[in-house]
Amino acid sequence: LNTYMLAAIVRRKTGKGLVEYLTPRLFEPLDIKNIYWEKSPEGIEKGGWGLYLRVVDMAKLGQLMLQSGRWTINGESRQLLPAVWVERMREKKIYTESGICRDGYGYQVWLCPFDGAYQFNGAYGQYVVILPEQDMVIAILSGERNMFATGGVIAEIGRSFAKHSLSDRPLPPGTAALRLARELRTLRA
C-alpha cells in the first residue's frame, strides 16, 4: 500500500495520474502503448499493482534499469531516470529475513538471492528480473503458484543464469536450451 500512497502523492502534487504523468517521461520514450493501470474507487492508479503490460514492454523497463536509466531514442542516447537513483533502488532498504521473500526490498524492487540481481514482481508469476552481472534481463508472464518472488521460476533463473552457472563454452548438441532456441526461431511476434 506504500506504493499506492506514492501514486496518490503524484496525483496531488502534479494534478495527473500515474499514466498521464509517466507517458511523456517514460512510456512514450520506451514506445510502450496501450497502458492500463487499475484505479481505486477514488480514481487513483493503484501504483504497486494492477499495471497491465505486454511482456516486450516489461522487458523494456528491465532493459532501462540494466542501462542505468539510459535509453536510445531516434539514435540519441537519453537519460530517462537518474543513474544514481537506479543504483540506489537496488540496494537493500528493507530487511525481510522473516518474510516470504527473504532477500530484501529496495526502492520498489525485490532483491534476488544471486549476483546482485533484482526484480519487478507481479502476482502469480509476472517477473522482470534484472541480472547486472550477466548484462541480462528476463521478462516472464507465467502461472507461478506463489504470490511473491520466492517461487520456482526465480530459483530456476538462479540455477540457470547465475554467474556460477554460465560458461563461455558453446552448448553441447541436443541440450534443452538448443532445442528451445530452435523452437523459438519458428515463432512470430
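User: How much space lies in the largest pocket?
Analyst: About 1,700 Å³. Keep in mind that this is a predicted model, where local features need pLDDT of at least 70, side-chain atom pairs count only at pLDDT 80 or more, and totals for chains, interfaces and linings use all residues. Residues are numbered from 1 along each chain as its sequence is written, and side-chain values use heavy atoms, with hydrogens and water left out.

User: What counts as a pocket here?
Analyst: On a 1 Å grid over the protein atoms alone, a pocket is an open set of points where a 1.4 Å probe fits, with protein on both sides within 12 Å along at least five of seven lines. Lining residues have an atom within 4 Å of a point. Points are joined across faces, edges and corners, and the volume is the space filled by probe spheres set on them.

User: Which residues are closest to its centre?
Analyst: Of the 44 residues that line the largest pocket, those are Thr-3, Trp-37, Gly-47, Gly-48 and Gln-108.

User: Which element gives the most to the lining?
Analyst: Helix H2 does, with 6 residues. Helices (H or I, at least four residues) and strands (E, at least two) are DSSP runs, numbered from the N terminus.

User: And how do the lining residues divide by type?
Analyst: There are 33 nonpolar, 9 polar and 2 charged. Ala, Val, Leu, Ile, Met, Phe, Trp, Tyr, Cys and Pro count as nonpolar, Asp, Glu, Lys and Arg as charged, and the others, Gly among them, as polar.

User: Back to Gln-108: where is it found?
Analyst: In the loop between helix H4 (83-89) and strand S5 (110-111). Gln-108 counts as partly exposed because its relative accessibility is 34%; the cut-offs are buried under 20%, exposed over 50% and partly exposed in between, with a 1.4 Å probe and protein chains only.

User: What about Ser-68, what's its phi?
Analyst: Positive too, about 55 degrees, although Ser-68 is not a glycine. Ser-68 sits in the loop between helix H3 (55-66) and strand S3 (70-73).

User: New topic: is Leu-30 buried or exposed?
Analyst: Leu-30 is at 2% relative accessibility, so it counts as buried. Leu-30 lies in the loop between helix H2 (18-27) and strand S1 (36-37).

User: What is Leu-30 in contact with?
Analyst: Leaving aside neighbours within four places in sequence, Leu-30 touches Lys-60, Leu-61, Leu-64, Trp-71 and Leu-80. Contact means heavy atoms within 4.5 Å. Leu-30 and Lys-60 are 30 residues apart along the chain, with their C-alpha atoms separated by 6.8 Å.

User: OK, sheets. In what order do the 4 strands of the open sheet go?
Analyst: S5-S6-S7-S8, with antiparallel pairing. Two strands pair if DSSP finds at least two bridges between them.

User: Which strands stand at the edges?
Analyst: S5 and S8 (136-141); each has a single partner strand, so one side of each is left without a neighbour in the sheet.

User: How many bridges join S7 to S8?
Analyst: 6. In one of the pairs, Ile-130 has Val-137 in S8 as its bridge partner. The hairpin of S7 and S8 has 4 residues between the strands, and Asp-135 takes a positive phi near 55 degrees there.

User: Which residues are on the covered face of S8?
Analyst: Met-136, Ile-138 and Ile-140, while Val-137, Ala-139 and Leu-141 make up the uncovered one.
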